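Open the model in your viewer and keep a selection panel at hand. The stops below go from a pocket to a cavity and then to the whole chain.

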Amino acid sequence: MRTLNLPRSLLAGLVLAVSTSAALAAQPTPFTATYQVSRQGEAMGEATITLKPLGNGEYEYSNQIHGTSGLAAMLGANSSDVTHFRWNNNAPETENYTSKVVALKTKQRIMQVNWSTKQVSVEDGKGTMNYAAVPGLVDRNTLLLAIGLSLRNGNQNVTLPVGVRQQVEQQQYKVQGTESVQVPAGSFQAERVTRTDSDKHFDAWYVPKQYPLPVKVAQSEGGDLTLQLVRYSSP
């Protein structure tokens with residue numbers, strides 16, 4: 001049998017090319033997802049969630065909710081959550097996050113993560129909080145995406161360091177089984193994920209091989225909101 005001897009430089013180049021291709025393949029692709037939003041069973045509006053690359057492994061993840069029905073429409077209620085994150089170790093890692101809620105008055109929160117000093121700064125109407133960052137830190141806006149990407153990698157138990165106002169919470173989520181789910185986008189056999197480290201109600205139904213976001217979410221935090229997927233598009 002003849003042995004093919006390749007120059008070391010060529011071998012190194014091939015290894016680098018394969019490694020780079022694998023890393024690029026693992027990165028999330030841009031998308032736009034639209035959800036029907038209800039509060040305590042009553043329709044209140046529509047959410048549009050988008051992900052777009054900014055280059056050099058940086059992304060912008062945006063969640064815009066517009067009140068279109070009931071009291072939310074009367075109050076002109078809208079919310080805007082925008083995160084810039086970097087793709088690091090095959091997972092999102094927050095760099096900055098801005099949340100703005102408008103309903104009669106405006107509430108805003110800004111989170112900045114300095115990865116050089118490994119410090120988090122959070123500003124809101126109550127003052128400024130500072131605490132240490134940890135690797136893999138995400139914010140509450142990118143939480144749904146981070147869970148979905150972890151499920152895509154085959155994980156059934158997910159622990160995520162989530163930066164909140166005063167600290168990092170090691171939030172834990174677990175796949176409880178597969179269930180049939182009917183939403184405006186269609187019928188799905190979805191993995192139901194619950195939060196296991198808190199008594200706050202959180203259920204999310206994912207089809208991780210199809211979408212990085214859940215097809216349905218029901219949570220008590222934020223006012224008993226339920227989001228159901230209406231449509232999803234990706235280039």
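What volume does the second largest pocket have? About 210 Å³. A pocket is an open set of points on a 1 Å grid over the protein atoms alone, with protein on both sides within 12 Å along at least five of seven lines; lining residues have an atom within 4 Å of a point. The volume is the space filled by probe spheres set on the points, which are joined across faces, edges and corners.

This is a predicted model: local features need pLDDT of at least 70, side-chain atom pairs count only at pLDDT 80 or more, and totals for chains, interfaces and linings use all residues. Residues are numbered from 1 along each chain as its sequence is written, and side-chain values use heavy atoms, without hydrogens and water.

Select Asn89, Asn90, Ala91, Pro92 and Leu160: of the 15 residues lining this pocket, they lie nearest its centre. Next, colour strand 5 (91–103) and helix 3 (143–152), each of which supplies at least two lining residues.

Now select Tyr97, Arg109, Met111, Arg140, Gly163, Val164 and Arg165, which line the largest cavity. A cavity is a set of points where a 1.4 Å probe fits but cannot get out. This one holds about 30 Å³ of space, and the whole structure has one cavity of 30 Å³ or more.

Finally, show the whole chain. Of the 235 residues, 39% count as buried, meaning under 20% relative accessible area with a 1.4 Å probe, protein chains only.

Methods. Buried < 20%, exposed > 50% of the residue type's maximum accessible area, 1.4 Å probe, protein only. Helix = DSSP H or I, 4+ residues; strand = E, 2+ residues; numbered from the N terminus.
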